[in-house]
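Trainee: Hi, I have a new chain open on my screen. Could you walk me through it?
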Amino acid sequence: MTSPKIETEVAVLGGGILGVSTAVHLLRGGASVVLITESTLASGATGRSLSWLNSAGKRSDAYHALRMAGIDRYRTLFAADPSREWLQFDGGLFWAAAGEAAKAETRHEYEQSHGYDSKLAKPEQISALTCGIDEAAVSDVAVFNPGEGWVSLPHLVEYLMAEFNALGGTLVAEAGKSRVLAKDGKAWGIGTKDGSIYAADKVVVACGAATPAVVEEHGIYIANGSPISALVITEAADYKLKAVLNTPRAAARPNPGGTLALDHGWYEERIVEHPDGSFSIPEEVVQELTEEASRLLEGNPQLTPASWKVGRKPIPGDGEPVFGELEKLPGCFVAFSHSGATLGLIAGELLSHEILSGQKHPMLATFRPERFSRE
Ligand SMILES: Cc1cc2nc3c(=O)[nH]c(=O)nc-3n(C[C@H](O)[C@H](O)[C@H](O)COP(=O)(O)OP(=O)(O)OC[C@H]3O[C@@H](n4cnc5c(N)ncnc54)[C@H](O)[C@@H]3O)c2cc1C
């Protein structure tokens, strides 16, 4: 059953998972939606994300609750069709560097203390919990979180866009760097690089790491802590890995087509930012990451990097998400978050609720943009 059309027209800026999810939830709620993005869909962080669905480790209670709700929405999607190659729930496995067993133990104790499914395992116990791991690579002790999963965000975007199109959404891709238009202190639309104007009752800025720059033009400050990152996709390989691995030298997860997705942070300073704003990573770094990943897998299969993408990973300055309407620019909502994969579905749902109902959702109460100040 389709919802009756309501009178709200919304212009969403940014074709990553947060923009696409918000757009689809708005359409489900009966709004008219235009989704405008600089280049192609998923050309930002969404196209190069490890997208491990989790709330592992320590963070604020509110952020944990939001992430758990995020996982819940993915579980519902998963249950509707567990055979999807791009969304799976087979757990996550973490271990720290040799000699740092206390890190894993502390993490496990904390996770247990608030009911996050967490099991501590010695290397020889891991094969009873999950498959495809070379236990010789595991130092001391690992934490297995059976409730975690992973998603391939480009596939999810494609899936959501089928609904976007069916519900009559309008997509404007290749719009170039676009801006929020405001008059008398209120947002009223989006202007694209070629001068086209999309008037709207409400505007959403979901521009990933560029979100602070887009709202800065209107005198609004959101601290930006987005680091440079890279994601490597391998050729199809012979592996049995099911879980998402977070280990001292490589993070790895299965990826559609029998490939693997890999990332880590140790090579961040070896990524080069060019004057035109593009990035590159030395091929030997990509090779080294691939070799590190091979060491984690049972039988140490030869892994060959097929493609890699580099760019900023959206992270607000204080690490917590930023969601909601800008008090200083009514009519303009923002969605800017680390863990935007885990939050992808729930963030779109709650933000569209706020936009369409005018009511603030309590789960977003601590994530308001106004918490930042320049001092
Ligand atoms: C290497 C890596 C690993 C990650 N791992 C995880 C993980 O394990 N778990 C997890 O939950 N999350 C993870 N994330 C984070 C998650 O992928 C991101 O938070 C999420 O994809 C962000 O989506 P977004 O829609 O906010 O931004 P983006 O995907 O960056 O999309 C923003 C879009 O806006 C467009 N845009 C920007 N400025 C403008 C403008 N002025 N005009 C028009 N368009 C504009 C961009 O072109 C882009 O397409 C990871 C991210 C990276 C990069």
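Mentor: Happy to! Keep in mind that this is a predicted model. Let's start at Val205, which touches Leu13, Gly14, Val180, Thr211, Val214, Val215, Cys332 and Val334, leaving aside residues up to four places away in sequence.

Trainee: Okay, and which residues touch the most other members of the largest nonpolar core?
Mentor: Val205 is one of them, together with Leu13, Ala142, Val203 and Val204, in a core of 105 residues. Helix α1 (residues 17-28) supplies the largest share of this core, 7 residues. Domain 1 and domain 2 each give the core at least three residues.

Trainee: You said domains. Where do domain 1 and domain 2 run?
Mentor: The domain assignment puts domain 1 at 9-47 + 153-222 + 317-371, and domain 2 at 86-148 + 226-312. Their C-alpha centres lie 30 Å apart.

Trainee: How many residues of domain 1 are in contact with domain 2?
Mentor: There are 6 residues of domain 1 in contact with 6 residues of domain 2. On the domain 1 side, the touching residues divide into 3 nonpolar, 3 polar and no charged.

Trainee: Let me zoom out. How many helices and strands are in the chain?
Mentor: The chain has 7 helices and 22 strands. Its radius of gyration is 21 Å, close to the 21 Å that the globule rule gives for 375 residues, so the chain is as compact as a globular protein of that length. Along the principal axes, the C-alpha trace spans about 65 × 45 × 45 Å.

Trainee: And what percentage of the chain counts as buried?
Mentor: Of the 375 residues, 47% count as buried. As for contacts between residues at least 6 apart in sequence, 70% join residues at least 24 apart.

Trainee: New topic: strands. Is β14 mostly covered or mostly open?
Mentor: Mostly covered: 5 of the 7 residues in β14 (residues 228-234) are buried.

Trainee: Which strands does β14 pair with?
Mentor: With β20 (residues 305-312), β14 pairs in the antiparallel sense over 7 bridges, and Leu231 stands opposite Lys309 there. Strand β17 (residues 259-263) also runs antiparallel to β14, joined by 2 bridges. In that pairing, Ile233 stands opposite Ala261.

Trainee: How do side chains sit along a strand, in general?
Mentor: In a regular strand they alternate between the two faces of the sheet.

Trainee: I also see an open sheet of 3 strands. What order do they have?
Mentor: The order is β3-β8-β4, with antiparallel pairing. The edge strands are β3 (52-53) and β4 (87-88), each pairing on one side only. Between β3 and β8 (residues 149-151) there are 2 bridges, and Leu53 has Gly149 as its bridge partner in β8.

Trainee: Last one, Ala200. Where does it lie?
Mentor: Ala200 lies in the loop between β12 (197-199) and β13 (202-205).

Trainee: Buried or exposed, and why?
Mentor: Ala200 is buried, because 22 other C-beta atoms lie within 10 Å, and the cut-off for buried is 20 or more.

Trainee: What does Ala200 touch?
Mentor: Not counting residues up to four places away in sequence, Ala200 touches Glu9, Val10, Ala11 and Gly189.

Definitions and conventions:
Residues numbered from 1 in each chain as written. Predicted model: local features only at pLDDT ≥ 70, side-chain atom pairs only at ≥ 80, totals over all residues. Helix = DSSP H or I, 4+ residues; strand = E, 2+ residues; numbered from the N terminus. Rg over C-alpha atoms; globule rule 2.2 N^0.38 Å. Buried ≥ 20, exposed ≤ 12 C-beta atoms within 10 Å, placed from the backbone. Contact = placed C-beta atoms within 7 Å. Pairing = 2+ DSSP bridges. Core = buried A, V, L, I, M, F, W, Y, C linked by C-beta atoms within 7 Å. Domains from an automatic or database assignment. Nonpolar A, V, L, I, M, F, W, Y, C, P; charged D, E, K, R; others polar.
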